[in-house]
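Thanks for making the time, everyone. I would like to walk you through one model, taking its surface before its overall make-up.

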Amino acid sequence: MYPSAVRRSLAGLIPPKIATPSAVSSGSTSARTAQVVDFYSRLPKGPIPAAQRAKGLRGRYFEGNNASGAPLLATIIILFGLGYTIDYNMHLKHHKNGHH
């Protein structure tokens, strides 16, 4: 892939440059530096409040005090049991008309 194509595809993921070297080195009183300081001062600090944490299955089973791998293990066992049942019934259809 060409560098320009990579740059275009990642443009949505990488935030624009806020603090450029020219803006920061031009002096601490520049308007651009004041914008950068204002931007970073408005960012939230500390842990995420409990009201904003993940809800639903992810919040119930994989995060917080009840975090465990039980849903993942249950999913694996259910898929194995379902696959085994289908395979067994197909094998019975094979024996319907006589043994092999």
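Predicted model: local features only at pLDDT ≥ 70, side-chain atom pairs only at ≥ 80, totals over all residues.

**Surface patch, salt bridge and fold**

Helices α4 (56-62) and α5 (70-94) each supply at least two residues of a nonpolar patch, where helices are DSSP runs of H or I with at least four residues, strands are runs of E with at least two, and numbering starts from the N terminus. Residues are numbered from 1 along each chain as its sequence is written, and side-chain values use heavy atoms, with hydrogens and water left out.

The patch, about 520 Å², is made by L57, Y61, F62, L72 and I76, and its largest share, three residues, comes from α4. Patch residues have over 30% relative accessible area and no salt bridge, with nonpolar side chains (Val, Leu, Ile, Met, Phe, Trp, Tyr) joined within 5 Å. L57, which lies in helix α4, is exposed at 58% relative accessible area.

A search of the whole structure finds one salt bridge, meaning a side-chain nitrogen of Lys or Arg within 4 Å of a carboxyl oxygen of Asp or Glu. D38 forms a salt bridge with R42, the closest N and O atoms being 3.3 Å apart; D38 is partly exposed at 37%.

Finally, the protein chain has five helices and zero strands, and of its 100 residues 4% count as buried, with buried meaning under 20% relative accessible area, exposed over 50%, and partly exposed in between (1.4 Å probe, protein chains only).

Terms used:
Patch = residues over 30% accessible without salt bridge, like charges linked within 9 Å, V, L, I, M, F, W, Y side chains within 5 Å. Areas by Shrake-Rupley, 256 points an atom, 1.4 Å probe, with all protein chains shown as cover.
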